[in-house]
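Q: Could we go through this structure together, starting with one residue and then turning to other parts?

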Amino acid sequence: MVVPLSKLTKGNVAYIDSIVANQAFGELDTLVGRRLADLGFSKGVPVEVVAAGVFGKGPFAVRLSNLSQFSLRAAEASKILCHINK
Amino acid sequence: MNKDKLTCFALVGAPNCGKTVLFNGLTGSNAKVANYPGVTVERREGLFVDDPSVSIIDLPGTYSLRTTTLDEAVARDEILGKYGRKIDGIIAVADATNLRMTLRMVLELKMLGLPMVVSLNLIDVARSRGLTIDEKKLSELLGVPVLETVATRKEGIRGVKNAIANLPQNSAGIDSNQAAQLLESLDSNALYAQVEDILAQTVKTEMVMPKWHQRLDRLTLHPVWGFVLLLLVLLLVFQAVYSWSEPVMDFIEDFFANLGEWVATLMPEGILQDLILNGIIAGVGSVLVFVPQITILFAFILLLEDSGYLPRAAFLLDNLLSTSGLSGRAFIPLLSSFACAVPSVMSARTIQDPRERLVTIAIAPILTCSARLPVYALIIGAVIPDQTVWGIFNLQGLVLFGLYFIGVFSAGLVAYIMKRLARRKGSIRQFPLLMELPTFRLPNFRHIFSSLWDKVKAFLKRAGTVIFALSVILWALVTFPGAPEGAAGAAIDYSFAGMLGSLIQPIFAPLGFTWQMCIAMIPGIAAREVVVAALGTVYAVGASGSEEAIQNALVPIVHEQWGIPTALAFLAWYVYAPMCMATLAVIKREVNSMKKTLMIAGYLFVLAYIFSFVVYQISIRIF
């Protein structure tokens, strides 16, 4: 099953499938997408939500398999589609 | 030495990877700090200790040369030679605790074709978390020298120094257009595949996130417990800024008072003595008295930053700040504002989005800086009864808290209005919070001390020169022309300041301000804390004596002559009043635009006027 990162449950590991467009960023969208890729959000990388804001609405703190951790707002998190099962 | 003859090596690496510590080790103490032309991004440059024909530039931290922020763009432009200087080689600083991301950057840099060495920094932290790596093999696969370093230790720096000495000097340089195209066509996924391949051959045991680290992350990022912890941290910081600094501030005040007395005994009375006593010594003293607070505040900020906590605090506060159009990143500058707006405006440089940075700078002066406290203390002491409310609270304390609250609330409201205005004009964009949450680590105290000294020095220089110059000018305004023979009132009434005060008094009449208050506000332009002393002068309560004595003497005057409505309006005025030249001077420097500076000063003035008008008009109908 493929869901955006913003819908993952805290503490479960999922696998990044792809980075998709999000209209919220307008013309900046490609830039944000490229940035995510540069920082290591690439296909197949395991990702875990470590913390989320109140009511799970974001922002999200995520950890990649390489142990680097990032904070993302909901708009960024919804650009990242993940497989819940490998 | 001719600058063109120097060989130029650039230090490149992610933020917080120990680049600056390495830079200090490589350049010794001869580094120069300045700003890039046109932008307020810090530029640090120094001569290589082993070879003074090599200059080393410390670039702003960057994760990639495909930039998204001002700081990063500066780093890229410098490497591509757009600042008119050819870069001959790169010293890449790689964070060993985040090998994948950092090696991708190394591969990206390698594509530029410049001579390069890689310093694998923070290797001690990575090793203690289980990483073992074949450094030789890594060096072979990357095709450049790789050195494990702990930037704080001499041996590591020694190795990097040798490697730098062996780099070819005066390389061919790079074709900036070609390089820019190359970066544009970069495929991160392919680079990461290459990184995986390299790591598979070199990493013998993987690093693991220690259990305590995971637990600490769960706590610090928790929507409830994280907030509780953050509040405790903030409480500690505020407590430290206000009470730990007190003895030192008292000492500085006493020192300048004694110095004044000593000079007074040495010099004959006259205009020169007056200039030195009331112009120079008083002026310098009024700046130096804030140094303890600023030092303590920055020590805490640096400590929290170096240990990795601050981005987590920014994460927690993002929701709160996002409603006003800011992001968690604005938290640090706004926190500093409570001590003094000058370092706060300076620290807004860490905000990447230009609009968010401008908004943060614009609202920073509203937050209650410590220079307002003497004014608050005087007025509260004079008109607010010292009584207990609901059994546990003190009314005077509640009013003070209320004034802080009004400051915070107004700052948020102004930011929100600016967000709405920007949206109408269509220039709003969401500030992505894409931010690394770096690994927790023990702070490096040597680095903290040296950065702290840099910041304090910058404060002394930037604020000090302005306040110093202004206090001399204001001294002249207050002193000349002297009182005529047989004059009845205080000398200040007859001075230029007195004339100005009477001149502007009609403007402030609707707020209930007396002409004495208007005169006192003029020296208060340099620094708010001077207002109380100036009131003392105008009301001639005996100018000699400590600030406390002046305040005590003023309390009955304020109480009887002003009346409660006027006193409250004066209090309201100082919630917003942009009456601090040092802040405005720093804002002008940082936003690099006279128009924006005037707009910021203007809106603060309007807010101050409206607020005290409303307070005065309402309270004359009540009291």
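**Working through the model**

A: A:Phe41 lies in the loop between helix H1 (29–39) and strand S3 (46–52) of chain A; helices (H or I, at least four residues) and strands (E, at least two) are DSSP runs, numbered from the N terminus. This is a predicted model, in which local features need pLDDT of at least 70, side-chain atom pairs count only at pLDDT 80 or more, and totals for chains, interfaces and linings use all residues. Residues are numbered from 1 along each chain as its sequence is written, chains are lettered from A and ligands numbered from 1 in the order in which they are written, and side-chain values use heavy atoms, with hydrogens and water left out.

Q: Is A:Phe41 buried or exposed?

A: A:Phe41 is buried, its relative accessible area being 1%. Buried means under 20% relative accessible area, exposed over 50%, and partly exposed in between (1.4 Å probe, protein chains only).

Q: Which residues is A:Phe41 in contact with, neighbours within four places in sequence aside?

A: With those neighbours left aside, A:Phe41 is in contact with A:Ile16, A:Ile19, A:Leu36, A:Val62, A:Leu64, A:Phe70, A:Leu72 and A:Ile80. Contact means heavy atoms within 4.5 Å.

Q: What does UniProt list for residues 3–84 of chain A?

A: An unreviewed UniProt entry lists "domain: Ferrous iron transporter FeoA-like" for residues 3–84 of chain A; such annotations may be inferred rather than shown by experiment. The span is 18% helix and 35% strand, and its end C-alpha atoms lie 7 Å apart.

Q: Changing topic to chain B: at what angle do H24(B) and H26(B) pack?

A: Helix H24 (residues 564–576) and helix H26 (residues 594–622) of chain B pack at about 160 degrees, with their axes 8 Å apart. Axes are lines fitted to C-alpha atoms, for helices over the stretch in contact, and angles run from 0 to 180 degrees between N-to-C directions. H24(B) and H26(B) are therefore roughly antiparallel to each other (angles under 35 degrees count as roughly parallel, over 145 as roughly antiparallel, 65 to 115 as roughly perpendicular and the rest as oblique).

Q: Which residues make that contact?

A: Among them are B:Leu568, B:Ala572 and B:Trp573 of H24(B), and B:Phe605, B:Ala608 and B:Val615 of H26(B).

Q: And what about B:His447, buried or exposed?

A: B:His447, in helix H19 of chain B, counts as buried at 17% relative accessibility. Apart from neighbours within four places in sequence, B:His447 is in contact with B:Thr20, B:Val21 and B:Asp306.
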